[in-house]
Amino acid sequence: MTTLTDSVEVTDSTKEDKNIVYDTKNLNLWYGDDQALRDINLQITENEVTAIIGPSGCGKSTYLKTLNRMVELVPVVRTSGEILYRGKNIFDKTYQVETLRTNVGMVFQKPNPFPKSIYDNIAYGPRIHGIKNKKILDEIVEKSLRGAAIWDEVKDRLKDNAYGMSGGQQQRLCIARCLAIEPDVILMDEPTSALDPISTLKVEDLIQELKKSYSIIIVTHNMQQAARISDKTAFFLSGEVIEFSDTDKMFSNPKNKQTEDYITGRFG
Amino acid sequence: MTDERDLRVRDMIQANKRTVTFNSIIEKCIPTILFIIAIISILTTIGILFTLIRETIYFFRDVPFLDFFTGTKLKPLGDAAEFGILPLLTGTFISSAIAMLVAIPIGLMSAVFLSEYASDKVRRILKPILEVLAGIPTIVYGFFAFTFVTPLLNRFIPMLEPTNILSPGLVMGVMIIPMIASLSEDAMSSVPNAMREGALGLGSTKLEVTWRVVIPAAMSGIISSFVLGISRAIGETMIVAIASGSSKNFTFDVTQSMQTMTAYIVEVTGGDAPAGSTLYYSLYAVAFTLFVFTLIMNLIAQYISKKFREGY
């Protein structure tokens with residue numbers, strides 16, 4: 001008996017030991033006078049895909065953008081509470097936002113490549129962080145494009161403008177651009193909402209692949225997508241986290257009535 | 001009630017049929033009328049060009065082509081009149097170069113500030129003020145160069161002549177700043193925010209975003225603003241006519257008085273050039289050269305804005 005309990009405890013504690021990347025504590029956020037996030041407490045685990053779902057305007061994108069402080073581009077934003085990234089509060093006055101964003105990559109809703117060549121798009125990140133050696137850059141470009149499963153499609157036209165690519169290719173290019181600086185976490189803000197079903201499938205496969213080396217947080221409108229690709233799911237409603245649990249559990253047996261209503265399609 | 005039932009819209013439209021036919025005649029005539037109006041400006045340009053070319057040909061009967069373009073002496077009056085355009089060309093280029101040295105850096109930096117760094121409120125106040133600067137008549141700038149800037153510069157550069165090319169060049173630069181700032185700002189603020197976000201998301205600082213993403217994306221608009229600025233400087237007349245005097249020096253010394261092509265035309269038309277004289281025809285030759293230069297500038301602007309377009 002004792003040994004059994006012990007072993008259970010051991011497995012439990014190894015589970016606990018899985019590193020926490022982001023620890024959000026009592027986060028509140030206001031756009032001017034409108035409160036967009038209320039008392040958020042979430043822990044994001046390393047090398048997992050965490051999906052954030054919820055109806056429009058529930059604060060899921062806002063939360064994602066808070067994780068790399070992109071939300072501060074809106075001038076009237078105020079926050080309270082803290083977000084610990086690898087143990088350090090990102091709202092700390094001494095915390096450098098550029099360092100945070102170098103470690104935490106972001107893929108946006110609409111593909112937003114720079115109006116440069118495919119090569120220069122990928123090399124942009126390494127270059128601004130001081131990598132200038134042509135040979136190393138060549139390697140980074142190939143590795144990143146391979147990482148984003150787009151190398152074979154573009155290897156012969158690296159000098160072409162990225163805007164000549166299809167929407168799905170552009171989005172994978174943006175993922176590759178993000179991989180080029182080897183981030184720790186990748187934030188994805190509805191990365192497939194502007195893509196057709198086939199491109200969506202490719203990006204989803206890619207996310208599964210990336211999970212091995214990166215922690216991924218993905219906001220999605222599409223509940224099936226969350227069910228397909230994520231390990232954990234957080235359900236947001238009116239700026240609050242209603243439920244946060246393993247994806248399997250949430251979709252098979254939601255604890256909360258509102259979660260159930262949402263994932264069964266009764267609203268949202 | 002009966003009255004209302006009698007009010008049949010369909011009948012009324014029928015009754016107006018005559019107007020409808022009249023309207024359709026007008027509709028048919030409108031494109032022709034608009035075409036004639038539109039072509040007036042083109043015909044005028046062709047007319048001007050035709051006169052310029054004709055009189056320029058007359059000029060080259062009196063003065064050999066090569067003497068005109070390689071002559072370093074311009075002495076239009078007197079017995080041994082000489083018509084070399086080089087003094088005017090150097091005057092024009094030096095004054096334009098000084099102007100662009102002032103206008104390009106300041107204009108571009110202002111545009112960067114307005115587009116990337118200024119808050120909405122600041123931009124709303126500053127941009128109109130900048131554009132008012134563009135509305136100041138050039139004669140005021142010329143007067144300002146002659147009576148204020150030259151004496152001011154004289155304190156630092158004692159050998160500066162009372163009329164010199166430096167002062168009008170600088171003032172011309174100031175005049176062109178708003179144009180470059182405004183056009184470049186338009187080009188930069190039309191770069192989609194998604195690109196800035198993409199770059200910031202990779203850990204770029206604001207300066208890196210501006211320098212490596214926004215400016216390259218807006219490059220075609222920025223370069224066009226430079227080239228338009230240069231043609232404005234080449235074509236500028238009053239400032240140089242007032243503040244640079246009328247010495248037809250062939251020199252590169254900016255403290256001396258020089259004459260530009262435009263100022264030469266002002267001077268000669270202001271005097272009595274008898275119609276049909278070589279002096280009279282020289283006006284046209286100089287004007288034609290000026291026209292060719294501005295034309296080339298405009299063509300370059302068009303070419304550059306196509307070539308440097310980072311399409312998005």
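**Contact and sheet**

Author: The contact takes 21 residues from chain A and 17 residues from chain B, where two residues are in contact if their C-beta atoms, placed from the backbone, lie within 7 Å. This is a predicted model, in which local features need pLDDT of at least 70 and side-chain atom pairs count only at pLDDT 80 or more, while totals for chains, interfaces and linings use all residues. Residues are numbered from 1 along each chain as its sequence is written, and chains are lettered from A and ligands numbered from 1 in the order in which they are written.

Reader: Which element gives the most to the side of chain A that touches chain B?

Author: Helices (H or I, at least four residues) and strands (E, at least two) are DSSP runs, numbered from the N terminus. On that side of chain A, α3 (97-103), β6 (104-107) and α4 (118-128) each supply at least two residues. With four residues, the element that gives the most is α3(A).

Reader: What is the bridge partner of Leu29(A) in β2(A)?

Author: Strands β1 (residues 20-31) and β2 (residues 34-45) of chain A run antiparallel and are joined by eight bridges. Their hairpin has two residues between the strands, and Gly32(A) there takes a positive phi near 60°. The partner of Leu29(A) in β2(A) is Leu37(A).

Conventions
Pairing = 2+ DSSP bridges.
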